[in-house]
Amino acid sequence: MAHQTVPNQASQPTPARGRHASQTAMPIVQLRGVTKVYGGDEATRVIALDNVNVDIFEGQFTSIMGPSGSGKSTLLHALAGLDSVTSGVISVAGIEITSLGDKALTHFRRDNIGFVFQSFNLVPTIDAEANIKLPMRLAKRTVDATWMGQVVDALQLRERLHHKPHELSGGQQQRVAVARALVSRPAVLVADEPTGNLDSTSSAEVLTLLRDAADQLGQTVIMVTHDTNAAAIADRTLIVRDGKIVNDLAKPSVDKIAEVTR
Ligand code: ADP
């Protein structure tokens, strides 16, 4: 059997590509014994995460795949501090987020996580530039103009900065969302089905941007997807099934991912 099953084990680091290629990557996200149960009574109880142990490494692009209902979103939301867990410990960038209260968790997300969602989540009444700067504005942080310029150029958005979201294509809107996530230099960029609403050309563009963010900026990227081609762009793919990580694949091919998710 070609399937390599790694149930609930924190795996060894694989070297990251790009800037960190010659270094051994450090864990930036650590989950230990993480369980999430929805519903109180026996009849409605769902174990969405079942004793998950995993390390995710700095500067790497990690994709998370699995069938619908397997627990991918719950895993991503838990490690991004968007959702609480029932038991276990999650640390991100040296912060044990599972012991934080609501206010501290809000600050944690603001200071450490960049979000890219399937639905772009841009504010429709303001232009691309204002959308990109909005999270920094809300956090009363100064936008580093040089960095902003680099991100805008890398994402080829300079000509579009004064357009409102409805004046942009889906691919351009998602590029604005990626810029918004990168501009605060988050410890971790989390992307939840970022290509789910895009045509194949725009999907490829957005995936290349996320790949480049890891390679050229050393940005840690964690992406949930149900698309095998999207997953295969990562350095590492975690396969989730019934709330457990059942496969942990280093630089997987599309064929390999298809084989283990069949
Ligand atoms: P995936 O992202 O892989 O599709 P999810 O993480 O969304 O899976 O869901 C994992 C399991 O938890 C599913 O059985 C789902 O029905 C259940 N679940 C998710 N959110 C809730 C919720 N708010 N209340 C009850 N059950 C939920």
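Over the ring of which residue does the charged end of arginine 185 sit? The legends below take up this question first; the model is predicted.

**View 1. Arginine 185 and the ring of tryptophan 147.** In this predicted model, the ring in question belongs to tryptophan 147. The charged end of arginine 185 sits over that ring, at 4.0 Å from the ring centre.

**View 2. Residues surrounding the ligand.** The ligand is surrounded by Tyr38, Val46 and Ala48, together with Pro67, Ser68, Gly69, Ser70, Gly71, Lys72, Ser73 and Thr74. Sorted by class, this shell has four nonpolar residues, six polar residues and one charged residue. α1 gives the most to the shell, with three residues.

View 3. On its own, the ligand has 560 Å² of accessible area, and the protein covers 58% of it. Two or more residues of the shell around the ligand come from each of the elements β2 (46–57) and α1 (72–79).

**View 4. The aromatic pair of phenylalanine 115 and phenylalanine 117.** One aromatic pair is present in the structure. The ring centres of phenylalanine 115 and phenylalanine 117 are 5.6 Å apart and the planes are at 5°; planes under 30 degrees apart count as stacked, so this pair is stacked. Phenylalanine 115 has a relative accessibility of 17% and therefore counts as buried, since the limit for buried is under 20%. Phenylalanine 117, with a relative accessible area of 23%, is partly exposed.

**View 5. Glycine 218 and glycine 59.** Glycine 218 lies in the loop between α6 (200–217) and β8 (220–224). Its relative accessible area is 10%, so glycine 218 is buried. Along the chain, glycine 218 and glycine 59 are 159 residues apart, while 4.5 Å separates their C-alpha atoms.

Terms used. Residues are numbered from 1 along each chain as its sequence is written. This is a predicted model: local features need pLDDT of at least 70, side-chain atom pairs count only at pLDDT 80 or more; totals for chains, interfaces and linings use all residues. Side-chain values use heavy atoms; hydrogens and water are left out. A residue is near a molecule or strand if one of its heavy atoms lies within 4 Å of it. Accessible areas come from the Shrake-Rupley method with a 1.4 Å probe; for residues, only the protein chains shown count as cover. Helices (H or I, at least four residues) and strands (E, at least two) are DSSP runs, numbered from the N terminus. Ala, Val, Leu, Ile, Met, Phe, Trp, Tyr, Cys and Pro count as nonpolar, Asp, Glu, Lys and Arg as charged, and the others, Gly among them, as polar. Rings of Phe, Tyr and Trp (its six-membered ring) pair if their centres lie within 6.5 Å; planes under 30 degrees apart count as stacked, over 60 as edge-to-face and the rest as tilted. Buried means under 20% relative accessible area, exposed over 50%, partly exposed in between (1.4 Å probe, protein chains only). A charge sits over a ring if NZ of Lys or CZ of Arg is within 6 Å of the ring centre and within 35 degrees of the ring normal.
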